[in-house]
Amino acid sequence: MSAFVNALDQEPWRFIISLLAIIFLTLNVAAVLTFAERKVAGYIQLRYGPNRVGPRGVLQPMADVLKLFTKENLSPGRADVWVFLAAPIAMFIPAAVIWMVVPFAPKAVVTNLNIGLLFVVSTTSIGALGVVMAGYGSRSNFSLLGALRGAAQMISYEVPLILSLLGVIILTGSLSLVNVVNNQAGGFWHWYIWSQLPMFATFYIAGIAEVKRIPFDLPEGESEIVGGFMIEYSGMTWALIQASEFASMGLMSAITTTLFLGGWQPPFDFLDFGNFNWIWFGLKTAIIMFTFQWIRWSVPRLRMDQLMDFGWKFLVPLSLVWLFVTAAGTLIIH
Amino acid sequence: MIFVFIVLSAITLISSFGVVISRNVVHSALFMSGAFLGVAGFFAMLHSPALAALQVLIYVGAVTVVILFGIMFTQRPQVRRFRTILNRQVGAGFTVALFVGALLIYVFLQQDWGSTSAGHGPRTVASLGRILVGVSSGTDIFALLFEVASILLLVAVVAAIVISRRKTGEGVERRAEE
């Protein structure tokens, strides 16, 4: 038995198995988050949310998946079929692949890339391409409007998103997410959120904008452009777009946790569970996810000019100022 | 390794042909992102993951999206005139491409590469950055070029703002008085 386990730990098998686990996780995160979203919305609005399938509605995601699998996959007659069908894939693959560099527990990471953070931001930026492809491929005015808004928003908010990472990179001296987590060991007061509070706020807000959630959901905006770039999708293609949105929301929470909240590090040293430290990672990520949903059901949508003003005139200067502060502080201390 | 090389070459070449052959500007731009991804794969294959990630970040994530953005804002997706332009220039373009390709192959084969060989460049971002700004064992000229490039970008950004700035009522009046 142990020989078998050791054989599975060797390179090609370890990578393949962990990658399959990651894809399984991504799809399930998407399904569970859809349910959580509706449930949280229900409780925030003083109603029950879905409560028919299974006890308290916990089997609702399964029913949703079955329904979406059996729905017909329509595409508009005028659509640019290849671009139309490739767009959901171009959105989903980045959201699934980035989980490869996220450390879940002390040794549980698919690949410890020494450019981990660079990999995260570069792969996230492909998602914008998927949005533009969906908007163009549908050949509908609402889709095109949504795609234009989406491209403008995602490019603008990538700037503060990347700038806010630089503080953590300066403090760690490494781009590897494993090193970032290891450097935050020894109690919650060692987490980067305290010294990097403005960067944390910037990353959090830019992250919400990057995953296109309320108050930054202008590319979708149901009440203005009835779903934006995803208006023409149905069945599994629509499900894939939704899955990639929820997976990238989960991903943004996981990256926030890893960078600023110590990843799998326990809040106190005596709570160290060894290999079971993924419990802390999951707990922190779930809390961040919940705050995303909380914000979604509490805040109205921004206007386009407010969105751009906020990104360029507030978040970018704030992160630049704190970048200087961090750099100067590091120079003085060392 | 040779298999990976063949796959990456196929991706890059087919996408590049797609860029010049397809009759739709948006398709050309999308094919271009495929070519960029292929080149990023080459960087990764040559043990330079930092360059690969930067290639994806800048060319696929930013340049292609901005190009698509520009296309969608400025013209309708189907432009008829494009087809005739393509047909008229395809022979000349092919000749020029062949000539440039032959020249590049000749230069690469003749060049004395000294002690460097493929796949032995700087692997970590830190050493790449040191070489780029000439801190240790790097050429100083790179740091100067780096600064010049950043000033160029700054000038371009300021110029874009000046050109596209909406003139307020006050400003227009003052200009009229002058």
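This is a predicted model: local features need pLDDT of at least 70, side-chain atom pairs count only at pLDDT 80 or more; totals for chains, interfaces and linings use all residues.

Q: How much space lies in the second largest pocket?
A: About 1,300 Å³. A pocket is an open set of points on a 1 Å grid over the protein atoms alone, where a 1.4 Å probe fits, with protein on both sides within 12 Å along at least five of seven lines. The volume is the space filled by probe spheres set on the points, joined across faces, edges and corners.

Q: Which residues lie nearest its centre?
A: Ile93(A), Ile126(A), Leu37(B), Ala40(B) and Val56(B), out of 40 lining residues. Lining means an atom within 4 Å of a point.

Q: Which helix gives the most to that lining?
A: α2(B), with 10 residues. Helices are DSSP runs of H or I, at least four residues, numbered from the N terminus.

Q: How does the lining divide by residue type?
A: 29 nonpolar, 10 polar and one charged. Ala, Val, Leu, Ile, Met, Phe, Trp, Tyr, Cys and Pro count as nonpolar, Asp, Glu, Lys and Arg as charged, the others, Gly among them, as polar.

Q: Switching to rings. How many aromatic pairs over all chains?
A: 17. One of them is Phe36(B) with Tyr59(B), tilted, 4.9 Å centre to centre and 45° between the planes. Ring centres must lie within 6.5 Å; under 30 degrees is stacked, over 60 edge-to-face, the rest tilted.

Q: Where do those two residues sit in chain B?
A: Phe36(B) is in helix α2 (residues 25–45) and Tyr59(B) in helix α3 (residues 49–74), 23 residues apart.

Q: Now the serines. Is Ser253(A) buried or exposed?
A: Buried, at 0% relative accessible area. The cut-offs are under 20% for buried, over 50% for exposed and partly exposed in between, with a 1.4 Å probe and protein chains only.

Q: What does its side chain reach?
A: The backbone oxygen of Met249(A), at 2.8 Å.

Q: And Ser195(A), what is it in contact with?
A: Leu171(A) and Trp322(A), leaving aside neighbours within four places in sequence. Contact means heavy atoms within 4.5 Å. Ser195(A) is partly exposed, at 38%.

Conventions: Residues are numbered from 1 along each chain as its sequence is written. Chains are lettered from A and ligands numbered from 1 in the order in which they are written. Side-chain values use heavy atoms; hydrogens and water are left out. Rings of Phe, Tyr and Trp (its six-membered ring) pair if their centres lie within 6.5 Å; planes under 30 degrees apart count as stacked, over 60 as edge-to-face and the rest as tilted. A polar contact is a pair of N or O atoms within 3.5 Å; within protein, one must be able to donate a hydrogen and the other to accept it, and residues adjacent in sequence count only if both atoms are side-chain atoms.
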